[in-house]
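My notebook is open and I have a structure to look through. I'll jot down what I look up as I go.

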Amino acid sequence: SVVKRGEATGVVVATGKNSYFGKTAELVKIAKTKSNLSTLIFRIVKYLIYLDIALAAVFMGYVALVDLHVLPGGPISIISAIVFVIVILIAAIPIALPATYTLSTALGALQLSKLGVLTTKLSAIEESAAMTVLCSDKTGTLTENKVVLEDVTPVEGVPRDRLLQYGVMASDRRSQDALDDAIFKVADAGGVKEMGERQSFTPFDPATKRTESAYSVNGQDVQIYKGQPRTIWDLTQQGGAAAAYPYEEMEKQLASKGERVLAVAAKEAGKFSFLGFLGFMDPERADSKPLVEELRSLGIRVIMLTGDTAITARTIAKRLGIGERVCERTQLLELSKTPEGQKTLADYDAFGGIYPEDKYNIVRALQGGGYIAGMTGDGVNDAPALKAAEVGIAVAGATDVAKAAASVVLTEPGLADIVAAIKTSREIFQRMATWILNKIAKTIEISFFTILGVIFTKSFIITPMLVILLLFTNDFVTMSISTDNVKYSKEPNHWNVKNMLMGAVPMGLFQLLFSFGALIYLEKINPLPLGQIQTIVFLIMVFTGLGMLYLVRTGGPVYSTKPSKYMLMATIADVVVVSLMAGFGILMHQVPFTSVAYLLGITVVYLFLVDLVKIPLFRKFAVRP
């Protein structure tokens, strides 16, 4: 609380973490979030490593059986076999993942900073892509956080300007009270001024729940009262005013609109008269309703959290298009007692009359129900929920505590800029999806082709040096995914491991078939020396790896989306460098440039044929938007 005037005597009944402020601080301390994207990425990578370990075990078993003369073939050095297996295992490790992920999110953070969105935690960018519900504080976020005189409702027979004029006379400009300022703003705009000469003014007193003014008007004494409606009404009735006015009906009508209502009365010539009501509102921001609609179009629900009454919460939520299902605090506490009740919290559109710990508990309950939660706020009381949410958003003008707890800070008023953050994060998600699909397909090709190739041909079809060189050449282009041109999805993104495998595994098998077909050609139809076969196998893996990157980056035809200039430049540079190395025999056996060009052309044709199969395959399993 803030003491604006007067004094009070208080008794301390709780200190530290037992006080309301202390509870807020304790919740900020214990609130934690986890990275869903990183967890799922590494789960996929873990499966790929298991696959490689299984293949390595098969290979080492084959080497042992050959050395024991159980299987035909020349003896294989154990040291050479171990080195080869280790290199293949290294190929399965996502070396480029940290660089690609960090670069993607860093570039996204840079892009958002230009739009007025500051990210304090890079994980917030990845989680924004998956966010399914946004819990928003009302005051200062969805509303303007200022008091506006919305309704001037006089009783029958009293002109509107007279009620407003008496409202001015019962107010004081020097007090800088928000309600008084709102009255003066409307009165000044309408040219309504006080009359007579003020004799005295008594500021609002919590004991009397009203302000009082004494004026001398044309030589007559006039007393004017403004305050809590029931207090003012009872005052006039005790003074003998007529009771024909439907007081309770009018008060409920204004209150049902979510307004804060004051009443005005006067005592003139010894007679009391009830003049009417003044209704105040914290108006919604002009951009809030379009924002709610746009978030809904992106598959994100907006839930409003406020300490204001349930009536006010319902009014604002309805105006903004959020909904009319409102949960009061007493109902919230009852539902929170059981897991089944907590699951029903997601059915409400707004929560009214809640405390800071309630916001935190609502976010936790939504997360427990499988939602990826975002939370917006600006005050100290919002800090626990901001920190607990996967995406904590501190709005413009937020307190330092709220900014420290949040993972995203908006520099412009309102929430309009959060849409840009969501779209950017979904683009980053698509880039990381490209990386994963490509990694799965490439791991299948490299692991199966290199190990099974040795078993079938009885010789190392690629050297450990070329495998290491393959990692560098492929990862060089893979990191350029961070800049790729992609389309964000219209729905929250989530990792469907099964669908991704159903899309990527066939792509890897197609590459495997192409590679084995080329190997059979080199072994049986057009035999070449082992050194040249190793070079051509290296070129096959480089060219098909690059092609696969372009295949999986879109769900449509490979040419439907233009890659970024950095990705295109990196691809061209990669092809030129490995072609020159193969043509001049640098770090590998030399092969004719005509063979390199022929292989590149065949690979391009093959990839366009695979693209025809990819499109219906990706569409069936919803691999890409």
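I'm working with a predicted model, where local features need pLDDT of at least 70, side-chain atom pairs count only at pLDDT 80 or more, and totals for chains, interfaces and linings use all residues. I also noted that residues are numbered from 1 along each chain as its sequence is written, and that side-chain values use heavy atoms, with hydrogens and water left out.

**Entry 1: salt bridges**

How many salt bridges does a search of the whole structure find? I got 22. Side chains of opposite charge can pair when their charged atoms come close.

I looked up aspartate 188 and found a salt bridge to arginine 173, with the closest N and O atoms 3.0 Å apart. Aspartate 188 sits in helix α8 and arginine 173 in the loop between α7 and α8, so this pair ties together parts that are 15 residues apart in sequence. Helices (H or I, at least four residues) and strands (E, at least two) are DSSP runs, numbered from the N terminus.

Are these two buried or exposed, or in between? My cut-offs: buried is under 20% relative accessible area, exposed is over 50%, and partly exposed is in between (1.4 Å probe, protein chains only). Aspartate 188 counts as partly exposed at 43%, and arginine 173 counts as partly exposed at 48%.

Next I checked lysine 226, whose side chain meets that of aspartate 180 in a salt bridge (3.0 Å, N to O). Lysine 226 is in strand β6 (residues 220–227) and aspartate 180 in helix α8, so the pair ties together parts 46 residues apart in sequence. Lysine 226 is buried at 4% relative accessible area, and aspartate 180 is buried at 5%. I also found a network: salt bridges that share partners join Asp137, Lys359 and Asp382.

Then came aspartate 172 and arginine 198, a salt bridge with the closest N and O atoms 3.9 Å apart. This pair links distant parts of the chain, 26 residues apart: aspartate 172 is in the loop between α7 (160–169) and α8 (178–190), and arginine 198 is in strand β4 (residues 197–205). Aspartate 172 is buried at 11%, while arginine 198 is partly exposed at 27%.

**Entry 2: cysteines**

I searched for disulfides (a pair of cysteine sulfur atoms within 2.5 Å) and found zero. For cysteine 135, the nearest cysteine sulfur is that of cysteine 327, 13 Å away. Cysteine 135 is buried at 0% relative accessibility, and cysteine 327 is buried at 0% too.

**Entry 3: the largest pocket**

A pocket, on a 1 Å grid over the protein atoms alone, is an open set of points where a 1.4 Å probe fits, with protein on both sides within 12 Å along at least five of seven lines; lining residues have an atom within 4 Å of a point. The largest pocket has a volume of about 1,400 Å³. I counted 49 lining residues, with Val147, Asp177, Ala178, Leu179 and Arg260 nearest its centre.

**Entry 4: helix α19**

Helix α19 covers residues 464–478, which makes 15 residues. I looked up which residues are buried in α19, and they include Leu466, Val467, Leu469 and Asp475.

Notes: Expected span 1.5 Å × (residues − 1). Points joined across faces, edges and corners; volume = space filled by probe spheres on them. Salt bridge = Lys/Arg side-chain N within 4 Å of Asp/Glu carboxyl O.
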